[in-house]
Amino acid sequence: MLLADFIRDGAARLEKLYPSPEARGLVLMLCRELLGVTNYTHVVEPRTAVPEERLPELEAALARLCAGEPIQYVLGVAEFCDRRFVVGPGVLVPRPETELLVAEAVRTLQEMELDRAPRVLDLCTGSGCIAWSIALDIRDAEVIGVDVSETALDYARKQFPQGPSFIQADVLDTEQAFPYGPFDLVVSNPPYVLERERTQMRPNVLDWEPDLALFVPDDDPLRFYRAVARWAQRFLRPGGVGLVEINEALGPETAEVFRAAGFKNVRNLPDFYQKDRFVRFQTPDNQAINN
Ligand SMILES: C[S@@+](CC[C@H](N)C(=O)[O-])C[C@H]1O[C@@H](n2cnc3c(N)ncnc32)[C@H](O)[C@@H]1O
């Protein structure tokens, strides 16, 4: 089969689920990853054929895409902060906006100009994409990632050879013993999608990515932020910084959780589209909040 035909037919099949440019983009990505061709090989070398023996693998991958499975699960990898993370069913695919949180975290740690290794706590770590990116960008950083899901932690632990420690714990259990603090930075991208927002979500997310990673009850959408605030009260050092990703519809309310918990310099930070997407907060200098 000609590569050009596979791309044309594959894109046509995927158009039942995705807008046309996205459908084509997904097939091109499949071919790039599985065959090592470029996005334009089939144009500049139109006689290029898909090797016979690779066809079953490509067809199987295309069938998974047509069933709505995210391409990152099909390929087993997701790009994040210029690195490739292993992902699959049971762990959230890292999102581009979370790269902004990592950039802010790295900038914050650099600006601290510590004369020792910075210490970072990542709550709700999932694939470990935040924890690993910070650990690999700030070479001597000591990073601990926490998640309740053993499946997610299995992915987090195998991303790269050496780096963060990953610990299983329920972040909502805020008074548990945790003998690892204090930290200079607490980061978190917790579940924050409201149950009632399900209707606006696409099937490739809803049917495939774990509910545990996404949803919070409509009547208690800020539960994870209250929990993160409590972890930060207990384990952030005086002058330490917190950074959380948030639901864009709840910017002021989420910031208020951290103000009410006694943090200073609490502010919303925007994403690529100028929407409230993060909250940054700080422990008062000379004073841990441990009430
Ligand atoms: C939005 S995902 C974020 C994953 C990753 N940090 C990222 O940015 O891609 C939220 C994560 O919170 C975890 N989680 C859900 N409930 C939790 C709980 N009670 N305690 C700890 N982790 C929890 C999920 O397993 C999931 O990995």
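A residue counts as buried when its relative accessible area is under 20%, and as exposed when that area is over 50%, with partly exposed in between. Keep this in mind as you work through a predicted model.

**Exercise 1. Describe the overall build of the protein chain.**

Step 1. Start with burial: 54% of the 291 residues in the protein chain are buried.

Step 2. Next, look at the secondary structure, which consists of 12 helices and 11 strands. The radius of gyration of the protein chain is 21 Å, close to the 19 Å that the globule rule gives for 291 residues, so the chain is as compact as a globular protein of that length.

Step 3. Now take the extent: the C-alpha trace spans about 70 × 40 × 35 Å along its principal axes.

Step 4. Finally, find the domains. Domain 1 covers 3-67 and domain 2 covers 89-282; their centres, taken over C-alpha atoms, are separated by 36 Å.

**Exercise 2. Work out how helix H4 sits in the protein chain.**

Step 1. Check the length. Helix H4 has 12 residues (55-66), which at 1.5 Å a residue should span 16 Å; the end C-alpha atoms are 16 Å apart, so the two agree.

Step 2. List the buried residues of H4: Leu 55, Leu 58, Ala 61, Leu 62 and Leu 65. Seen down the helix axis, the buried residues of H4 fall within an arc of 130°, so they line one face of the helix.

Step 3. Find the partners. The buried residues of H4 pack against helix H1 (3-14), helix H2 (20-35) and helix H5 (71-75).

**Exercise 3. Locate the nonpolar cores.**

Step 1. The largest nonpolar core has 41 residues, and Leu 121, Phe 178, Phe 258, Phe 263 and Phe 281 have the most contacts inside it. Helix H11 (residues 223-235) supplies the largest share of this core, eight residues.

Step 2. A second, separate core has 29 residues, including Leu 136, Leu 153, Ala 156 and Leu 269.

**Exercise 4. Is Pro 89 buried, exposed or partly exposed, and what does Pro 89 touch?**

Step 1. Pro 89 has 47% relative accessibility, so it counts as partly exposed.

Step 2. Leaving aside neighbours within four places in sequence, Pro 89 is in contact with Tyr 73, Thr 151 and Tyr 155.

Conventions: Residues are numbered from 1 along each chain as its sequence is written. This is a predicted model: local features need pLDDT of at least 70, side-chain atom pairs count only at pLDDT 80 or more; totals for chains, interfaces and linings use all residues. Side-chain values use heavy atoms; hydrogens and water are left out. Domain bounds come from an automatic or database domain assignment. Helices (H or I, at least four residues) and strands (E, at least two) are DSSP runs, numbered from the N terminus. The expected span of a helix is 1.5 Å times one less than its number of residues. Buried means under 20% relative accessible area, exposed over 50%, partly exposed in between (1.4 Å probe, protein chains only). The arc is that of the directions from the helix axis to the C-beta atoms. Contact means heavy atoms within 4.5 Å. A nonpolar core is a set of buried Ala, Val, Leu, Ile, Met, Phe, Trp, Tyr and Cys residues joined through side-chain atoms within 4.5 Å. The radius of gyration is taken over C-alpha atoms; the globule rule is 2.2 Å times the number of residues to the power 0.38.
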